Amino acid sequence: MTKTLKDYVFFVYRCAVLTFEGDWRYFLWMTALTAGALLGLNAYCKQLVTGLSVTGMSDAVSWGLYIANFTFLVGMAAAAVMLVIPVYVYEDETLNDVVILGELLTVAVIVMCLLFVTVDLGRPDRFWHMVPFVGKFNWPISMLSWDVIVLNGYLAINAHICGYLVYMVYLGRKPSPYLYKPFVFLSIFWAISIHTVTAFLYVGLGGRPFWNAAIVAPRFLASAFTAGPGFLILTLRIVRRVTAYHVSDKALMMLRRIVQVSMIITVFLLFCELFKEFYTDSAHVASSRYLFFGLHGHHGLVPWIWTAMAFNTAALILLLLPVSKSLKYLDLACILAIVGIWIEKGMGMVIPAFIPTPLGEIVEYFPTTNEWLICLGIWSFGLLLYTIFLKMTIPVLTGALRPSSSTRP
Amino acid sequence: MEEERKPDESCAGAPEGGGISRRAFLGTMAAGAAAATAAALSPLKDIADLPTLEQFLQQHYKELTPADKEAILERIRDEVQAKYGVRPNLTDPQPLPGVEFGYALNIGRCVGCRKCVYACVKENNQSRNPQIQYIRVLQMRKGSIDVESSSHDYEGEVPKEGFYYMPVQCHQCRKAPCVKACPVEATWQEPDGVVVIDYNWCIGCRYCMAACPYNARRFNFAQPDLPKEDLNADMGYLSNRPRPKGVVEKCHFCLHRARNGRYPACVEVCPTGSRKFGNLLDPESEISYILKTKRVYVLKEEVGTLPRFYYYFDL
Amino acid sequence: MNSHPQEPDRSKRVPSAVPTRAAALMVAIFLGLAVFFRADPVGQGPALDAIPPDDPAFASTLPARKARTEMTFDGAPCKSCHEGTEAIQGSPVEKGVFHDKIALKHGRNKHCFNCHHRLQPANFSDFDGSSIKLADVQLLCAKCHGTTFRDWESGAHGRRAGYWDASQGKFKTLVCIACHDPHWPVFKPLRAAAAPHVNPRTRKAAGAPAHGEPAEGGRR
């Protein structure tokens, strides 16, 4: 047992050493990401000292950019399941080579999610109050306690699957199905549940009609399955260009179909929601009206949401047309879809529920520079993490790193 | 690992293409990154409210033994004395048996003068800047109960023609969404119906604020600022002791007064006598009388929170 | 997952050394960052707004008016003018002295002796001509405002202070005329205490109609 552990640690060490290898472009990329992460760290230090008053949040709009990013990223994390299902359930070979990259993305993204929740806390020093059995965990009543469990659980499951499978490739052994298959199937169930639980976080609040709609969870899943695989397409395009790892066009086209179908569903569900809101035109439409058209002369989110609508529509059209079989247009469609969904599901989902307040007051929310910097920091750190994961894994997957090979093949 | 590092050293001697060697490069980068990190962390030197080990390890209110609690009360007395120069009368009054608090507000009498707002601020040691107020008075159009057409920032002489006034504060709901939301049980409902917050347990996630249909909860976005001379030294642990930065607070029916048999500050200050308070379980109390004889409604009944805060009218 | 063993890794083909210019750029990024953090041009974010200190009058528990304890007019007791031997007649306005400045706006109750006693000017008058003392003024008001009197007795009307719990202490209440001017019982308008402070950053929309007064009236 200790021998196995020692070998495994040595394996991780050898992979880690690889992250110090690369040409200047790689180092510049890493430097840029580190710089971004440090900008965030610096802004967060200021937030720690001064308090959340460095943000644009208020008693009226008590959640902002942090929770918006969190919501979007939980979706990205859940999206790996769209690769896992074809590969492990249908045993479709097409995505075989890329599924592990999707799972690695999940790990990095969940770390980002956890960071976004942490920076949103007023008392991060009291994090231990949330640790089951140590603190006082309001489970199963509080949806947030469910979120803590599903996020950390999903992180652990994916870390295990990635670590184990990559290690087996390294050793040249066939992975034992008992050690990963149950986890893979668990992860499918779990992926759906992390995003559902995140949706329920909002849906369960009767005092916020904008969120209190059953369609939120399905919308979350559909948009997640658009943005996540879309992001993966972009990643794979880069991986294909800068590493020796083979990513087939067929795999990219398979991902395109996933993004395509999910995008259609996303737009359809969005349409359903908009119809219900605006056709009914009850008092509860105020938040949606604020979001899309502004309310009583306040238009803070209007440019954002119409950008998102334009991007989503453009992405949908591109994805429906055969032109997106060309990788360049596919890239464009993915970028548009990701940005569109990031706005719509982040700012567009979180902020309007607070405007107007339950007492009818309109207090708008404008993120501050420090807030943007913290978000930039977490995104940079997440990308840094994902780059490191890829840098560690790809030489193993290509066969360049084996127990017998020297560290620098 | 030394032998595996060899290739590094071999190229250290012969950099190609006019570049610098990998080893020198990594070293420089590490130094640069370290310098930048140190600079990034520099704001931390100004941190003033780092929790002491005792504060950090303090258990949840419900887990405290009487001895623990007394030690904590003593510690807070010391902290308050050090900061405000007054030794507070800090206690932890317990719920009274056979008492469930209820509140009624005469919507026909309220003139919207906001005295309750400031009596509350004074009684409960709220931060003055950033400003925290538990009570929000809505100026409503006559003929409408839609809060969206209300004004919160009216000024000058009141009552104004064509308007009526509806103050809102924590409704101490029987089915409190905030209590359900809290991931760490830092807010809960006491046997006398008051929803309280353990300011030393709240993690500041603000999920309760998102959950509250009455916008009754306030967050300490910065270190609360309370002038020394404005401190109310009569304090309760779960009510008006000074709060730290980064936690949520709200109306608690002046727990330190109510549990000692007294009326909340907002009741005593109201110049029109629109505010009524008492024991719902006592059939003789004024609150029971109002519920029996007046036309009573609760705000946002459709949300199903079952508030203990009622609005009534008799005009 | 491992279908391409031993394929040479392109990224490893590049020389191990790093071009000086690229290295310099990266170091410059870090040093620039360090300088940026030291200079801190972003600062702590929005500064606190100036909020004037709360006026102590905002939280004053004083009643709306000062209730008298003795029946006087301009400081002089009633009996200094009214002997109390014969019933007072007529209206003071007609007589043009002393009481003509009294502004009487008490609904249909327009006659002095609906309340004041004709013979005993320091007392009030009950239905049957018997007197009501100033200390029992609520009984006078109860003549017309029976339901309000009942509410006052039960605590639903009027102010209370002190103890809600009779077992721990007494409550104090105020009589009708401590708040209502008997000649003009409707409350005079008060000056509202300061409105809640609103962070100006959250009200960026220039030219937005004042909140609560939607341009087209009503919601939306």
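## Helix packing in chain A

In this predicted model, helix 5 (residues 99-120) of chain A packs against helix 8 (residues 216-242) of chain A at an angle of about 115°, and the axes of the two helices are 11 Å apart. The crossing of helix 5 and helix 8 of chain A is right-handed. On the side of helix 5 of chain A, the contact is made by A:Leu101, A:Gly102 and A:Leu105, and on the side of helix 8 of chain A by A:Leu232, A:Thr235, A:Leu236 and A:Val239. These contact residues of helix 5 and helix 8 of chain A comprise 5 nonpolar and 2 polar residues, with no charged one.

A further pair is formed by helix 9 (residues 249-280) and helix 12 (residues 327-345) of chain A, whose axes come within 12 Å and cross at roughly 40°. Helix 9 and helix 12 of chain A are therefore oblique to each other, and the crossing of helix 9 of chain A past helix 12 of chain A is left-handed. Helix 9 of chain A contributes A:Leu252, A:Arg256, A:Val259 and A:Met263 to the contact, while helix 12 of chain A contributes A:Leu327, A:Leu330, A:Cys334 and A:Ala337. Sorted by class, the contact of helix 9 with helix 12 of chain A holds 7 nonpolar residues, 1 charged residue and no polar ones.

## Chain B: confidence and a sheet

The average pLDDT of chain B is 92, and 94% of its residues score at least 70. Over residues 1-16 of chain B, however, pLDDT stays under 50, and for this stretch the model has 16 contacts beyond four places in sequence.

In chain B, 4 strands form an open sheet with mixed pairing, in the order 11-2-13-12. Strand 11 (275-279) and strand 12 (295-297) of chain B are the edge strands, each pairing on one side only, and neighbouring strands of this sheet are turned by 30° against each other on average, direction ignored. Strand 12 of chain B pairs with strand 13 (residues 309-313) of chain B in the antiparallel sense over 3 bridges, and B:Arg295 has B:Phe313 in strand 13 of chain B as its bridge partner. Helix 10 (residues 286-293) of chain B packs on the sheet, where it touches strand 2 (101-106), strand 11, strand 12 and strand 13 of chain B, and the direction of helix 10 makes about 110° with that of strand 11 of chain B.

## Contacts between chains

The contact between chain A and chain B takes 48 residues from chain A and 56 residues from chain B. Helix 2 (24-50) and helix 6 (143-171) of chain A each supply at least two residues of the side of chain A that touches chain B, and the largest share of that side, 9 residues, comes from helix 2 of chain A.

Between chain C and chain B, 54 residues of chain C are in contact with 68 residues of chain B. Helix 1 (20-39) of chain C gives the most to the side of chain C that touches chain B, with 10 residues. The table lists the classes for both sides.

Strand 4 (residues 157-158) of chain B pairs with strand 7 of chain C in the antiparallel sense over 2 bridges, and the bridge partner of B:Val158 in strand 7 of chain C is C:Leu190.

Technical notes: Residues are numbered from 1 along each chain as its sequence is written. Chains are lettered from A and ligands numbered from 1 in the order in which they are written. This is a predicted model: local features need pLDDT of at least 70, side-chain atom pairs count only at pLDDT 80 or more; totals for chains, interfaces and linings use all residues. pLDDT is the predictor's confidence in each residue, from 0 to 100. Two residues are in contact if their C-beta atoms, placed from the backbone, lie within 7 Å. Axes are lines fitted to C-alpha atoms, for helices over the stretch in contact, and angles run from 0 to 180 degrees between N-to-C directions. A crossing is left-handed if the near helix is turned anticlockwise from the far one by less than a right angle, and right-handed if clockwise. Ala, Val, Leu, Ile, Met, Phe, Trp, Tyr, Cys and Pro count as nonpolar, Asp, Glu, Lys and Arg as charged, and the others, Gly among them, as polar. Angles under 35 degrees count as roughly parallel, over 145 as roughly antiparallel, 65 to 115 as roughly perpendicular and the rest as oblique. Two strands pair if DSSP finds at least two bridges between them.
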